[in-house]
Every structure is written in structure tokens, then in C-alpha cells.
Amino acid sequence: TAKAQGCLNCHDVDKKKIGPAFKDVAAKLKGKKAEDGVAAMKAKPLHQSVAEKAGDAALREIMDWVLAL
């Protein structure tokens, strides 16, 4: 789903690209719920158009995957 939504254009699992590595995001959000991560992502202006297109269910699925890294 992250690939389908274009997340991998700016993010990588292990290394920083334009945005932080997904593993760094997971470390920053450790102990938080997926909903907290989705809210933080939606708050960033660069993610707003992606969030609108993807929808909450897809964002939750992506965030669950990121937090599991």
C-alpha cells in the first residue's frame, strides 16, 4: 500500500531520502498507536494531498506496517 500511495517516492525503509526512513519514523513513534502516527502525518502539509487521496483505511494500514518495522 505504501508503494501504491507513492510513499516510496520520498521515503525508504532503511535510509533517509527526501523524507525520513520508515524505521526512523517507527522509532520516533514507538509506543504510540497507529492513529497517532496517522494524525501526525496528516498534520504535515506535504502529506495532506496524499492523505486525501489514500483515505483513512489505507493510511492506517501503512502506519501499522511502519510501526511494525
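This is a predicted model: local features need pLDDT of at least 70, side-chain atom pairs count only at pLDDT 80 or more; totals for chains, interfaces and linings use all residues.
Residues are numbered from 1 along each chain as its sequence is written, and side-chain values use heavy atoms, with hydrogens and water left out.

**Stop 1: the largest pocket**

Start with the largest pocket, which holds about 600 Å³ of space. A pocket here is an open set of points on a 1 Å grid over the protein atoms alone where a 1.4 Å probe fits, with protein on both sides within 12 Å along at least five of seven lines, and lining residues have an atom within 4 Å of a point. The volume is the space filled by probe spheres set on the points.

Select H11, P20, M41, K44 and H47, which are the closest to the centre of the pocket among the 22 residues that line it. Then colour α1 (22-28), α2 (34-43) and α4 (56-67), the elements that give two or more residues to the lining; helices are DSSP runs (H or I, at least four residues), numbered from the N terminus. Of the elements, α1 gives the most, with four residues.

If you colour the lining by class, expect 14 nonpolar, five polar and three charged residues. In this scheme Ala, Val, Leu, Ile, Met, Phe, Trp, Tyr, Cys and Pro count as nonpolar, Asp, Glu, Lys and Arg as charged, and the others, Gly among them, as polar.

**Stop 2**

Centre the view on H11, which is found in the segment before α1 and is buried, with a relative accessible area of 11% (buried means under 20%, exposed over 50% and partly exposed in between, with a 1.4 Å probe and protein chains only). A polar atom of the H11 side chain lies 2.7 Å from the backbone oxygen of P20. Leaving aside neighbours within four places in sequence, H11 is in contact with K17, G19, P20, F22 and H47, where contact means heavy atoms within 4.5 Å.

**Stop 3: the salt bridges**

Now show the charged side chains: a search of the whole structure finds four salt bridges, each a side-chain nitrogen of Lys or Arg within 4 Å of a carboxyl oxygen of Asp or Glu.

Select D14 and K23, whose closest N and O atoms are 3.0 Å apart in a salt bridge; D14 is exposed at 55% relative accessible area, whereas K23 is partly exposed at 43%.

Go on to R60 and E35, whose side chains meet in a salt bridge of 2.3 Å, N to O. R60 lies in helix α4 and E35 in helix α2, so this pair ties together parts that are 25 residues apart in sequence.

Finish with K42 and D56, which form a salt bridge with their closest N and O atoms 2.6 Å apart. K42 lies in helix α2 and D56 in helix α4, so the pair ties together parts that are 14 residues apart in sequence.

Key:
A polar contact is a pair of N or O atoms within 3.5 Å; within protein, one must be able to donate a hydrogen and the other to accept it, and residues adjacent in sequence count only if both atoms are side-chain atoms.
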